[in-house]
Amino acid sequence: MRESLSLKQARRIALAAQGLDKVRPAGPVTARAVGRTFARLHLVQIDSVNVLSRSHYLPFFSRLGNYDRAILQRMAGTHPRRMMEYWAHEASFIRPEHFHDLVQWQNRNWVGASAMDPELRNGVASRVLEALAAGKPLTAAELTARLGHVEERQPDNWGWNWNAVKRVLEHLFEAGLVSAASRTESFERRYTLTAKVLPGQDGSGGGLEPDSAAAMDRLIDAAAQAHGIGTVKCLADYFRTPLRAAAVSVEHLVAAGRLQPVTVAGWDKPLYRHVDAKLPRAATGRALLSPFDSLVFERRRLEALFGFHYRIEIYTPEPRRRFGYYVLPFLLRDGIVARVDLKADRAGGRLLARAAHAEPGAPADTAVELAAELQLMAEWLGLDGVVVSPTGDLAPALADAVGVRIRSEGTGATGAVSLP
């Protein structure tokens, strides 16, 4: 007989799986706490937009608060590696133990050189691999110069106007032969051989005969751990694996006792709960969520669980945006109760809340709790204060709450300021 759950119970399972169900622990955040959080999530998505902070830093702030971002840099740049780059949900930092499984199931050859003339591609690849084997990690531009590659390219005002070296690098990255050693200040990858990132390994699976079915089972099990509860589509989407193969793995994991079929009132889909998923009695956490947070990856799941319709409007022309450019959902206890458009004004030393909107039925303390979260985020980003613009139905109450916090703490920082 299937376990029957309420929608609120399903929410609490999902929040607990993501480490978002509890109030953050007091005191300094240790490297061990950051590592445990990453182990729980299995991946964090990478994105180049830096209007607030690089996207892979934000999930750790959401769960841990004011932590040192250098911890992540050490996890991604020292041996043994605790995180590495590869394709997952999108370009992501992943746990290294998932690398070989993902190489078997990711198919992102459209980003690389699959359409290039094979003779040209193989020739460039051979020279790239030789250069990376002999020297230090290099960016695509540095490798282009090192190889003396010259190429006539047509002007391109849209998309990726990559030269052959960059296209081949991405082809080798997707194949698992080349990896990212680190990133530059401008967020360019420094490429190196995967065998240098994971000593003794590369994308070939270490000489072992790959078992793609077992690899998929491991990925879906990890996705189910991270989600706690979800549909086959939810679980497949976490690492962006093929839906049909994921469905077969779900059957395997149910038979093995790793997944349990459940029903959730109001969520009219076949659902599965991971055997290790916890159901807390209450959710007491609070967090601003990155647009690329793993809790909000799968938009239909987000709407089914929380009744929250969410779209990233970065690529929407400004006159057509409903809520703003870089909008973060605000989680309070067991609901997503507001959304706020944020920008870090680094030159002015201010965190700008450019718009703030409450969700229907948002609790009375939404503005006060959001003000506290914004001030914590400003401290984490090294900014002196929070400025609230008068856009959105929550903005007046939020501006008042920010001003009250700053006056009560006597920081002298900018508070409830309305921008024209």
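Mentor: Rings of Phe, Tyr and Trp (its six-membered ring) pair if their centres lie within 6.5 Å; planes under 30 degrees apart are stacked, over 60 edge-to-face, the rest tilted. This is a predicted model: local features need pLDDT of at least 70 and side-chain atom pairs 80 or more, while totals for chains, interfaces and linings use all residues. Residues are numbered from 1 along each chain as its sequence is written, and side-chain values use heavy atoms, leaving out hydrogens and water.

Trainee: How many aromatic pairs are there by this rule?

Mentor: Apply the ring rule to the model. The count of aromatic pairs is nine.

Trainee: Are the rings of F61 and W380 stacked or edge-to-face?

Mentor: Their centres are 4.8 Å apart. Their planes stand at 20°, so the pair is stacked.

Trainee: How many residues apart are F61 and W380?

Mentor: F61 sits in helix α3 (residues 58–64) and W380 in helix α14 (residues 366–380). Helices here are DSSP runs (H or I, at least four residues), strands likewise (E, at least two), numbered from the N terminus. The pair links distant parts of the chain, with a separation of 319 residues.

Trainee: Which arginine lies over the face of F61?

Mentor: A charge counts if NZ of Lys or CZ of Arg is within 6 Å of the ring centre and within 35 degrees of the ring normal. Here the distance from the ring centre is 5.4 Å, and the residue is R24.

Trainee: Is W267 buried or exposed?

Mentor: W267 is in strand β9 (residues 267–274). Buried means under 20% relative accessible area, exposed over 50%, partly exposed in between (1.4 Å probe, protein chains only). W267 has 7% relative accessibility, so it counts as buried.
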